[in-house]
Amino acid sequence: MSGTDFDLFVIGGGSGGVRAARIAAGYGAKVAIAERDRFGGTCVIRGCVPKKLFVYASRFADDFEDARGFGWTVGERSFDWATLVANKDREIARIEGVYEGNLKLKGVTTIKARAKLDGPGHVKLDDGTRITAKTILIATGGQPVRYADIPGVDNVCVSDDIFELKELPRRIVVCGGGYIAVEFASIFAGLGVETTLMHRGEKVLRGFDEELRDGLMEAMAARGIRLMMKTEIIGVAACPGSFNVALANGETMETDLVFSAIGRAPCTGDLGLETVGIETGAKGEIPVDDYSETSVPGIYAVGDVTDRVNLTPVAIREGHAFADTVFGNRPVKVDHSVVPTGVFTTPEIGTVGLTEEVARATGYEIDLYKARFRPLRNIVSGRDERTLMKLVVDAKTDRVLGCHMMGPDAAEIVQMAGVALTMGASKADFDATIALHPSAAEELVTMRDKWVPPAV
């Protein structure tokens, strides 16, 4: 393949890179894409998809328990971790095949190799092959941040490891307070593992609505997860059959597994950026303009490697917009201001738009509408867990600025709220919408009274 010219060469076969390659090829471009591991990237192989399968598995315990209130007698039950992992692997392999197959159907040349920049308009594969391309797209995504300066760091696993565990631990310490940490704390607790969540901050999910943060911590604690906030690990020592975790406050604790979910960083190491003069930002990210072009003409970047909004659907949208702009002669800027997202804890969180805190800090005068209730299923089953819904509204224009929810199916509900917010819907539009009854979602269109803070 040495000396072969492509209109587009994509480095990275994750969701953003694959979408860009397919759309560009659809416009008639000659496209190649290189992936050093497996097509599908973090989301498909070791992220969103397998995680969601684990989430489903962890929630069956609730289903069995709740069934009694509806007249069902549930007999003896057991859980087999190996079966879950095997079925997960089979599904991931299927989806990976679909990703690669769809690329080939579009005429994209797929290359199973590591690629990096090798000067303007050139990339080099790990076997030394040098390829020329008119346009290069970097879509290498992100990777877990590992503890760098504590004794026993090799005794700590990260999200890339967690899906390949051979056995389910009896006890686990999860470190971190972001999406991945709280989601896996919920997963392991749901599977019956004695779970501790450690975080150096005061609350989990920094940047989310404060009421959701407080509500989730309360719900996690009620589900038996031990929350240790303002806590830092300073060492992990291997013991026979377990690990001894040393904390900054002088305490120690024993556990069977230590899982670090303290963050992710852009995958920009050994990409050859220096050969074209691209400098990375403080987190290692590649700076780009509104059209995802780097400081070097003809070289673009999308997805987590740019550290804009690090979510798979955003990477896909950026990849599509890049292809439209460069190969479709239709310049498209991606709007990152209204991005729905879900946190697949139990209970689940869905959110889109501005939080109350950000809206106020931005200068909006806001009205708040809130609902907190026990879902009908929980009333009959006897479960005390409650759903929280909240709308943040611009008091001057009546436009809905944010929608936030915690409870069953929150992500499914907020996805549709995202359509309304993207269209600029007002609170009056929500009020004019006929409710779907009985449902939790109907609360979004039946909240009429502005929330008034209690008198001090």
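Let me start with helices α3 and α6, which are oblique to each other, where oblique is what remains once angles under 35 degrees are called roughly parallel, over 145 roughly antiparallel and 65 to 115 roughly perpendicular. This is a predicted model, in which local features need pLDDT of at least 70 and side-chain atom pairs count only at pLDDT 80 or more, while totals for chains, interfaces and linings use all residues. Residues are numbered from 1 along each chain as its sequence is written, and side-chain values use heavy atoms, with hydrogens and water left out.

Back to the pair. The axes of α3 (residues 48-67) and α6 (residues 179-190) come within 8 Å and cross at roughly 40 degrees. Axes here are lines fitted to C-alpha atoms, for helices over the stretch in contact, with angles from 0 to 180 degrees between N-to-C directions. Helices are DSSP runs of H or I with at least four residues, strands are runs of E with at least two, and both are numbered from the N terminus. The crossing is left-handed, that is, the near helix is turned anticlockwise from the far one by less than a right angle. On the α3 side, Lys51, Phe54, Val55, Ser58 and Ala61 make the contact, and on the α6 side Glu183, Phe184, Ser186, Ile187 and Gly190; contact means heavy atoms within 4.5 Å.

The second pair is α1 and α4. Their axes come within 9 Å and cross at roughly 20 degrees, so these two helices are roughly parallel. This crossing is also left-handed. Ser15, Val18, Ala21 and Arg22 of α1 meet Tyr99, Asn102 and Leu103 of α4.

Next, α8, residues 312-327. It has 16 residues and spans 22 Å from first to last C-alpha, close to the 22 Å expected at 1.5 Å a residue, the expected span being 1.5 Å times one less than the number of residues. Its buried residues include Val314, Ala315, Phe322 and Phe327, buried meaning under 20% relative accessible area with a 1.4 Å probe, protein chains only. Among the elements covering the buried residues of α8 are β1 (5-11) and α1 (15-26). Just after α8, asparagine 329 has a positive phi of about 55 degrees.

Last, methionine 406, in strand β21 (residues 400-406). Is methionine 406 buried or exposed? Its relative accessibility is 2%, so methionine 406 counts as buried. Apart from neighbours within four places in sequence, its contacts include Leu212, Leu216, Pro347, Ile349 and Leu388.

Definitions and conventions: Buried means under 20% relative accessible area, exposed over 50%, partly exposed in between (1.4 Å probe, protein chains only).
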